[in-house]
Amino acid sequence: MPPTEKKPSLSNIGSLKALLPFLKPYKKQFFIAGFSLVLAACATLAVPFCFREIINLGFHSSSSSQINTTFIQLFLVASVVAFSTALRFYMVSWLGERVTSDIRKVVYGHVLQQSPEFFESTQSGEILSRLNTDTTLIQTLVGTSISMAVRNALLLSGGLVMMFITSVKLSILILVMLLLTVIPTMILGRRVRKLSKNSQDKIADASALAGEKLNAISTIQSFTNEASEAKLFNQYVETSFLTARIRTVARANLTFIAILLGFSSIILILWLGAYAVTRNELSSGELTQFILYTVIVAGAIAVVAEVLGDTQRAIGASERLLELLNLNSSIKSPNHPEHLTLGQKHGIQLEIQGLNFHYSSNPNPVLSDIHLKINPGERIAIVGPSGAGKTTLFQLLLRFYDPQSGSIKLNGIDIKQLELQELRKLIGIVPQDVVIFSTNAMENIRYGKEGASDEEVYHAAHLAAADEFITRLPDGYQTFLGDRGIRLSGGQKQRIVIARALLKNPPLLLLDEATSSLDAESENLVQQALEGAMKNRTTLVIAHRLSTVKQADRIIVLEHGRIIETGTHNSLIEQGGLYSHLAKLQFTDAPQLNKLRLKD
Ligand SMILES: Nc1ncnc2c1ncn2[C@@H]1O[C@H](COP(=O)(O)OP(=O)(O)OP(=O)(O)O)[C@@H](O)[C@H]1O
Ligand SMILES: [Mg+2]
């Protein structure tokens, strides 16, 4: 999915509607937030009014009880401002955090359901940035901007009314001044925001680069490319510094202009106001009140302008999130799924008819005209040159992709008619690229079956010949295996993954080069373990090493996506085709190793 390059604008405000379902559950909180907000705004608007009273009375009146009343009034108003502001802050921030958390959960849950096709065209960094940056923009909108906009709109209109009531002449004058201040600040402010986005992007580039390279640290060191990598990173960092500097200059200009113009306006009113007071057109209390309202109005205008920018960015963010949420995986459970009953016999029957498949990114066929019938409990070996389509066949069985034509049936039911989860629960897979999560050995194996007991995990590990090395790890099963299992050898990782698949105890077991990184002795161990594990199920094994597939009931030879030979080891050797050719290469290339292997 390509990122949306559309520039968000306020006219697209309709896209914020996408947020409504996330806001709906929190009506009560919105009400409290709204109430405290209006209360705080009213109380804030009352403050200058109280000041006027104090100044008018306090300096001229002799009655101390009047003085006391006005100060107590001011204190009460201030208390209301304090309380309602704090309540509004809490409620609104709570809403922001809550809504963002909900959105994050929904988006992540949705992404987890996408088919591999989606992940082929979308980088995981892109998804992470949707989850973090875009949701944070929405959090700013819900948790700050909306309330700031409403509060300042109230302050702005209330303040303006009060200003006009106090002095029409001064009000008109000050409005002109304010416009002269606000317009240049808004223009500069927009430039600053754009520049800060640029500099954030540059920092993100640098950290993406560092992230990728740190993951490949041993490659960098083995090719002694440390210096050139450091240089590349330095370039990125320097670019981000330059961008940051441009932004800072713009920001400094903004600060200069805003402060200078802001103060100039206030000085001007004070100046004119002072004359008005001397001419008795205005009391000194009224002048104070007027200035305070001016400050409130000016602040409100600045905030509203800033909020518009935030809203614009939140619109962009919610458009992107919406786009993600609207994605429908092409691989879905049927509306009326059928249920598969496992027969008395162990394992499951698999039938593939007239199957043709190519990846959507490449029109060349990967699998062509595949016909295959596998009986329950049968053990099939799939061999063939690299790129023949072996792994792809497994992907189709798991329904990660749908074939363009033909069908795959389990016990007579087309896998498209099965609930996706039900189908995948039937299949245990040991993939070609083993995946180890950064947790301990126990949890890595338990991943195969949620809620499996420790005993079940030990049993599976034992079957996969993983038990002997796990118990020798510093903390046994509780040993942390490192990021992507970095603390294990290739063969150890494979045995963990085999244990994981065995824990699931599936009727259909798919092994993709399950023993490729094992030394001869461990391979022997795993081979024996698999022998036992394969007994009560249908098994498909992909292997480049022919010694590991000799025991299969049937061997299928795949080349350029077509089944070119099927038979037992001996019959295929007799045929003298591709299999016998591969077998000859395999058995003569490494005589020492194979002597060991052929023992079993
Ligand atoms: N996600 C994908 N998108 C596009 N083409 C793909 C994809 N995955 C695999 N292919 C292509 O499909 C063909 C078959 O790949 P596959 O992984 O099934 O081969 P294989 O038989 O498992 O090979 P190996 O023995 O090397 O693992 C290859 O030409 C490969 O380039
Ligand atoms: Mg493969």
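This briefing walks through helix pairs, a sheet and a ligand shell in the structure above.

The model is predicted, so local features need pLDDT of at least 70, side-chain atom pairs count only at pLDDT 80 or more, and totals for chains, interfaces and linings use all residues. Residues are numbered from 1 along each chain as its sequence is written, while chains are lettered from A and ligands numbered from 1 in the order in which they are written. Helices (H or I, at least four residues) and strands (E, at least two) are DSSP runs, numbered from the N terminus.

**Helix pairs**

- Helix α3 (residues 64-112) packs with helix α5 (residues 124-166) at an angle of about 155°, and their axes are 8 Å apart. This makes α3 roughly antiparallel to α5 (angles over 145 degrees count as such).
- Axes are lines fitted to C-alpha atoms, for helices over the stretch in contact, and angles run from 0 to 180 degrees between N-to-C directions.
- The α3 and α5 crossing is right-handed; that is, the near helix is turned clockwise from the far one by less than a right angle.
- Sorted by class, the contact of α3 with α5 has 11 nonpolar, 8 polar and 4 charged residues. Here Ala, Val, Leu, Ile, Met, Phe, Trp, Tyr, Cys and Pro count as nonpolar, Asp, Glu, Lys and Arg as charged, and the others, Gly among them, as polar.
- Helix α6 (residues 168-215) and helix α8 (residues 226-278) cross at roughly 165°, with axes that come within 9 Å. That makes α6 roughly antiparallel to α8.
- α6 passes α8 in a left-handed crossing, and their contact has 28 nonpolar, 13 polar and 7 charged residues.

**The sheet**

- An open sheet is formed by 6 strands in the order β6-β7-β8-β3-β9-β10, with mixed pairing (two strands pair if DSSP finds at least two bridges between them).
- β6 (427-430) and β10 (562-567) stand at the edges with a single partner strand each, so one side of each has no neighbour in the sheet.
- Strand β9 (residues 554-559) pairs with β10 in the antiparallel sense over 5 bridges, and Val-557 stands opposite Glu-565 in β10.

**Around ligand 1**

- Ligand 1 is surrounded by 13 residues, and the closest are Tyr-359, Ser-386, Lys-390, Thr-391 and Thr-392 (a residue is near a molecule if its C-beta atom, placed from the backbone, lies within 6 Å of it).
- α10 gives the most to this shell, with 3 residues.
- By class, the shell around ligand 1 has 3 nonpolar, 8 polar and 2 charged residues.

Note on methods. Angles under 35 degrees count as roughly parallel, over 145 as roughly antiparallel, 65 to 115 as roughly perpendicular and the rest as oblique.
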